[in-house]
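Hi everyone, thanks for having me. Please take a look at the picture on the screen, and then we'll walk through it together.

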Amino acid sequence: MRLRINIAVSLVALTTIVWCVRFAVTQEHRRTPEFLQSKYQELNRTFFENSLPTARVEWADLTDADAMGRTIRESDDMFVILVDRNSNFDDEDLDDTVRHETCHIATWWKEQDMHGPVFQACMARIKQADHNDN
Ligand SMILES: [Zn+2]
């Protein structure tokens with residue numbers, strides 16, 4: 001009985017260690033500049049046939065702006081997407097944020113209300129494709 005308890009405890013410890021290592025690897029991976037950049041490029045390729053302008057995608061602290069993401073038009077054909085590093089903790093939130101900001105770039109000149117129908121259609125198209133994958 002004693003032995004069985006020890007095994008159970010060891011398994012819990014082992015599971016915790018594995019989980020921590022996986023978590024650390026994921027977090028480390030997220031920190032590289034290529035990680036965010038590749039998400040934008042993938043969306044651009046998959047949904048816009050690479051027709052979107054160039055954008056730099058960077059981690060930022062947007063706590064003061066109370067935003068998860070923000071898109072800035074830096075010049076005629078250059079955008080910057082800032083992704084808040086505090087509120088985009090899990091991958092689902094992060095994907096949503098990058099998609100949201102990517103649709104801002106795709107619809108930048110197309111309507112006055114930045115979250116208007118053209119923007120909503122862009123988001124719906126990306127989400128729809130996501131469902132078909134599963
Ligand atoms: Zn927005």
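Let me start with a question: is β3 largely enclosed by the rest of the structure, or largely open, and how many of its residues are buried? Keep in mind that this is a predicted model. The count for β3 is 5 buried residues out of 7, so this strand is largely enclosed by the rest of the structure.

Let's see what β3 pairs with. With β1, the pairing is parallel and runs over 7 bridges. One example to find on the screen is Ala 55, whose bridge partner in β3 is Phe 79. With strand β2, residues 69-75, the pairing is antiparallel and has 6 bridges. Here you can look for Ser 75, which has Met 78 as its bridge partner in β3. β2 and β3 make a hairpin, with 2 residues between them.

Now for a helix. α2 covers residues 33-48, which makes 16 residues, and from first C-alpha to last it reaches 22 Å, close to the 22 Å expected at 1.5 Å a residue. Which residues of α2 are buried? They are Leu 36, Tyr 40 and Leu 43. If you look down the axis of α2, these buried residues fall within an arc of 60 degrees, so they line one face of the helix. Here is a handy rule: an α-helix has 3.6 residues a turn, so residues three or four places apart point the same way.

The face of α2 turned away from the buried side carries exposed residues, among them Glu 34, Ser 38 and Glu 42. And what covers the buried residues? The cover includes β1, β3 and α3. Just after the helix ends, Glu 49 takes a positive phi of about 45 degrees.

Next, the inside. The largest nonpolar core has 17 residues, and Tyr 40, Ala 55 and Ile 81 are among those with the most contacts inside it. Two or more residues come from each of α2, β1, β3, α3 and α4. The largest share, 5 residues, belongs to α3.

Finally, let's zoom out. The chain is divided into domain 1, residues 1-31, and domain 2, residues 32-133. Their C-alpha centres lie 35 Å apart.

Technical notes: Residues numbered from 1 in each chain as written. Predicted model: local features only at pLDDT ≥ 70, side-chain atom pairs only at ≥ 80, totals over all residues. Helix = DSSP H or I, 4+ residues; strand = E, 2+ residues; numbered from the N terminus. Expected span 1.5 Å × (residues − 1). Buried ≥ 20, exposed ≤ 12 C-beta atoms within 10 Å, placed from the backbone. Arc of directions from axis to C-beta. Contact = placed C-beta atoms within 7 Å. Core = buried A, V, L, I, M, F, W, Y, C linked by C-beta atoms within 7 Å. Domains from an automatic or database assignment. Pairing = 2+ DSSP bridges.
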